[in-house]
Amino acid sequence: MSEVIVITSGKGGVGKTTTTANVGTGLAQLNKKVVLIDTDIGLRNLDVVMGLENRIVYNLVDVVEGSCRIKQALIKDKKYPNLSLLPSAQTRDKSSVTPEQMKKLTDELREEFDYILLDCPAGIEQGFQNAIAGADRSIVVTTPEVSAIRDADRIIGLLESNEIRQTQLIVNRLRMDMVKRGDMMTVEDVCEILAVNLIGVVPDDEQIVISTNQGEPLVGSDALAGKAFANICKRIIGEDVPFLDLQKKASVFERLAGLFK
Amino acid sequence: MSLADFFRKKNSGNIAKDRLKLVLVSDRANCSPEVMELIKNDIIHVISKYMEIDAEGLDIQITQTESETDNGKVPALYANIPIKEMHHS
C-alpha cells in the first residue's frame with residue numbers, strides 16, 4: 001500500500017529539501033518506487049539538490065492545470081530508475097494550485113508509487129495547506145534551536161488539527177560537541193518539548209554541503225549523516241533500527257581537541 | 001539559588017530549553033501579549049480596590065502546573081502581585 005508523506009518544518013532553512021532528497025533516494029535504494037514532489041512553487045530547489053535541474057520540461061503547475069500528463073512531467077533520477085521527481089514551477093506562485101488539486105494528484109500517484117514524498121515550503125500559509133492536503137503522515141524537521149523548535153511546535157499543532165494521523169520528528173544538524181558542552185539542547189530536550197515520536201537524528205556534517213554542491217544525495221554513503229538518513233528510511237518502511245551512536249565520533253574529536261588544549 | 005542551579009543556569013542549552021518551554025505554553029494557549037496586557041490591567045484594577053499594589057512589579061504569565069484531578073500538566077495563570085499597603089477600613 002502506498003503512502004503519502006509530507007516533509008515540513010515551519011521555519012525555513014532547517015533542511016526540509018535536503019531531507020526530502022536523501023529520504024527519497026534512501027527509499028529508492030531499498031527498492032521502493034518513490035516520487036518526490038517539490039511543492040514550493042516560486043522557490044524551486046529540490047531539482048538542484050537532486051542534480052536534475054537540467055532535465056525539467058514540465059512542472060507541478062503544468063500537471064495540475066492539465067497542460068501535460070503526469071508522466072511527461074516526471075523526471076527519472078540519474079542513478080535510480082525507481083525514483084522520480086515532479087519539479088515545482090519557478091515563475092508562478094502558491095495560489096496556482098489548490099489543496100483539492102494536490103489531493104487529486106497524490107491520489108493518482110498512489111497507483112504507481114510506493115512512497116510519495118512532498119517537500120513542503122516554509123511557512124503556514126497556502127503552500128503548507130497545499131502540501132499537507134493529500135498526506136497520510138508527516139515528518140517534521142527541526143534543528144536544536146529555539147526558533148526552529150517554536151515553529152515546529154506550531155506546525156505539529158496545525159498537522160494535528162488537519163488530521164494528519166502520524167507525525168514524526170527529525171532533529172537535524174545536531175552538534176554533539178556543543179551538546180556535550182551544554183551549549184546545545186539535547187535530542188531528549190527537543191523530544192520532551194515537542195512531545196512527538198523521533199524518527200531520526202542527523203548530525204551536522206559538512207559532507208551534506210559537499211554532496212549538495214554536487215547534486216548527489218549523501219544517503220547510503222559512509223558519512224555519519226548519510227548513515228543517519230539511511231536509518232530513517234528503514235524506520236519509515238517499518239524496520240526497527242537503533243539510533244546511531246553520535247557520541248562516539250564526537251569523543252574522538254574531543255580527544256584530539258584535548259591534545260591541543 | 002543553589003550552587004547547582006547556578007551552574008545549570010550558566011549553560012546556554014538549558015537557558016534555551018527553559019525559554020522555549022515558557023514561550024510554547026503561551027503559544028499553545030493561543031494567548032497573545034496584547035491579551036495578557038488586558039488581563040494584567042484588569043487584575044490591577046480589581047485588586048487596587050482592596051489594597052495598594054506595585055503595578056510596576058506585577059508579573060503575570062501562563063505556565064504549566066500539575067493537574068490536581070488527573071495526571072498530566074495543565075496551563076495555569078500565574079500572577080505575582082507585590083502589595084505596597086493594605087487598605088484598612
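Modeller: Let us begin with strands: two strands pair if DSSP finds at least two bridges between them, and helices (H or I, at least four residues) and strands (E, at least two) are DSSP runs, numbered from the N terminus. This is a predicted model, in which local features need pLDDT of at least 70 and side-chain atom pairs count only at pLDDT 80 or more, while totals for chains, interfaces and linings use all residues. Residues are numbered from 1 along each chain as its sequence is written, and chains are lettered from A and ligands numbered from 1 in the order in which they are written.

Biologist: Is S7(A) mostly covered or uncovered?

Modeller: A residue is buried if 20 or more other C-beta atoms lie within 10 Å of its own, exposed if 12 or fewer, and partly exposed in between, with C-beta atoms placed from the backbone. By that count S7(A) is mostly covered, since seven of its nine residues are buried.

Biologist: Why do the buried residues of H9(A) lie on the same side?

Modeller: In helix H9 (residues 187–194) of chain A the buried residues are A:Asp189, A:Val190, A:Ile193 and A:Leu194. They share a side because they cover an arc of only 115 degrees around the axis, the arc being that of the directions from the helix axis to the C-beta atoms. The face turned away from them carries the exposed A:Glu188 and A:Glu192.

Biologist: What covers the buried residues of H9(A)?

Modeller: The cover includes S6 (137–142), H7 (146–161) and S7 (166–174) of chain A, together with helix H2 (12–28) of chain B.

Biologist: How many residues of chain B are in contact with chain A?

Modeller: Two residues are in contact if their C-beta atoms, placed from the backbone, lie within 7 Å, and in this model 12 residues of chain B meet 11 residues of chain A in that way.
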